[in-house]
Amino acid sequence: MPAITVDDLTVLDRLKEPGEVYPPRPVWQVVTAPLGYEGEGFPVRRAFAGLDLRQLGPF
C-alpha cells in the first residue's frame, strides 16, 4: 500500500538532489569482510564484524 495516494502524481513535491540536504560524508575506512564458517562449514563474510558500531550510520 502506498504511503500517499493522489490522483495526479505531478502535484507531489520533488526530491532534492543528493547533497542538497545532507552533504556527502567522507569515507572513514575500507575493510575486507572477514571470512568465517557457519553451522556445517558454510562460508560467510560478516560485513560489519569487528567494526565500532558508533562509526556506522543507519543509512
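In the hairpin formed by β1 and β2, three residues lie between the strands, and Gly 39 takes a positive phi near 50° there. The model is a predicted one, in which local features need pLDDT of at least 70 and side-chain atom pairs count only at pLDDT 80 or more, while totals for chains, interfaces and linings use all residues. Residues are numbered from 1 along each chain as its sequence is written, and side-chain values use heavy atoms, with hydrogens and water left out.

Strand β1 covers residues 35-38 and strand β2 covers residues 42-45; the two run antiparallel and are joined by four bridges (strands count as paired if DSSP finds at least two bridges between them). Within this pairing, Gly 36 stands opposite Val 44 of β2. The secondary structure of the protein chain amounts to these two strands and zero helices, where helices are DSSP runs of H or I with at least four residues, strands are runs of E with at least two, and both are numbered from the N terminus.

How much of the protein chain counts as buried? Of its 59 residues, 2% do, with buried meaning under 20% relative accessible area, exposed over 50%, and partly exposed in between, for a 1.4 Å probe and protein chains only. The accessible surface of the chain comes to about 6400 Å², and 59% of that surface belongs to carbon and sulfur atoms; such areas come from the Shrake-Rupley method with a 1.4 Å probe, and for residues only the protein chains shown count as cover.

On this surface, Ile 4, Val 6, Leu 9, Val 11 and Leu 12 make a nonpolar patch of about 450 Å². Patches are made of residues with over 30% relative accessible area and no salt bridge, with like charges joined within 9 Å and nonpolar side chains (Val, Leu, Ile, Met, Phe, Trp, Tyr) within 5 Å. Ile 4, which lies in the segment before β1, is exposed, with a relative accessible area of 58%.

A search of the whole structure finds one salt bridge, a term that stands for a side-chain nitrogen of Lys or Arg within 4 Å of a carboxyl oxygen of Asp or Glu. The side chains that meet in it are those of Glu 38 and Arg 46, at 2.2 Å from N to O. Glu 38 is partly exposed at 37% relative accessible area, and Arg 46 also counts as partly exposed, at 41%.

In the segment after β2 is Gly 50, which is exposed, with a relative accessible area of 83%. Gly 50 and Ala 33 are 17 residues apart in sequence, and their C-alpha atoms are 9.3 Å apart in space.
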